[in-house]
Amino acid sequence: MMFKKVCIVGCGLIGSSIARAIRKNRLSSKIVSSNRSDIINKKVIKLRIVDDSSSDTKKMVKDSDLIIICTPLSSYEDVISKIKNSLKNGAILTDVGSVKKKIIYLVEKNIPKNISWISSHLILFVAIGGPSLDFVFCLFSNSETHNFI
């Protein structure tokens with residue numbers, strides 16, 4: 001395993017697809033997520049997308065080797081303020097947001113220097129679902145093809 005614990009902050013369609021790819025490729029011993037909705041937290045556990053999930057973002061991020069922010073850009077400031085003191089020394093922090101200038105400034109201003117920040121961006125995405133859908137998994141694994149229409 002590459003990581004002991006990975007935390008997905010925001011396990012909607014993008015976050016759950018990333019979690020599925022991590023699980024399928026056995027990249028982490030434990031996958032957790034943090035979501036505002038208890039319904040989503042229960043659903044991602046029931047679907048075995050993650051091992052644990054809670055609205056307590058600090059708790060989920062604690063001891064994570066890799067943290068992936070998969071929330072709307074408008075929530076980044078809130079997410080960063082919640083996690084900045086819970087990040088493990090040497091952790092990797094990344095995101096899937098589309099706009100970077102403001103986010104890079106926000107991260108550099110608030111995240112400790114012992115955290116590796118890797119800004120990222122999805123190139124292709126079909127937004128028509130939530131964690132119950134697994135077809136987007138193919139975007140990350142290149143293992144399946146699907147007819148979307």
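**Set-up.** I am working on a predicted model, where local features need pLDDT of at least 70, side-chain atom pairs count only at pLDDT 80 or more, and totals for chains, interfaces and linings use all residues. Residues are numbered from 1 along each chain as its sequence is written, and side-chain values use heavy atoms, with hydrogens and water left out.

**Largest pocket.** I looked up pockets on a 1 Å grid over the protein atoms alone; a pocket is an open set of points where a 1.4 Å probe fits, with protein on both sides within 12 Å along at least five of seven lines, and lining residues have an atom within 4 Å of a point. I took volume as the space filled by probe spheres set on the points, which are joined across faces, edges and corners. The largest pocket comes out at about 500 Å³. I find 24 residues in its lining, with Gly 10, Arg 36, Cys 70, Thr 71 and Pro 72 nearest the centre. Helices H1 (13-24) and H4 (76-83) each supply at least two lining residues; helices here are DSSP runs of H or I, at least four residues, and strands are E runs of at least two, numbered from the N terminus. H4 has the largest share, three residues.

**Second largest pocket.** I note a volume of about 160 Å³. Its lining includes Ile 18, Leu 66, Ile 92, Asp 95 and His 121. Strands S4 (66-69) and S5 (92-95) are the elements that give two or more residues to this lining, and the largest share, three residues, comes from S5.

**Ser 86.** Buried or exposed? I checked Ser 86, which sits in the loop between H4 and S5. Ser 86 counts as buried because its relative accessibility is 18%, and buried means under 20% relative accessible area with a 1.4 Å probe, protein chains only. Leaving out residues up to four places away in sequence, Ser 86 touches Lys 58, Val 61, Lys 62 and Asp 63; contact means heavy atoms within 4.5 Å.

**Cores.** I defined a nonpolar core as a set of buried Ala, Val, Leu, Ile, Met, Phe, Trp, Tyr and Cys residues joined through side-chain atoms within 4.5 Å. The largest has 19 residues, and Ile 67, Ile 80, Ile 83 and Leu 93 have the most contacts inside it. H4 gives the most to this core, four residues. Apart from this core lies another, of 16 residues, among them Ile 31, Val 44, Leu 66 and Ile 68.

Note on methods:
Buried < 20%, exposed > 50% of the residue type's maximum accessible area, 1.4 Å probe, protein only.
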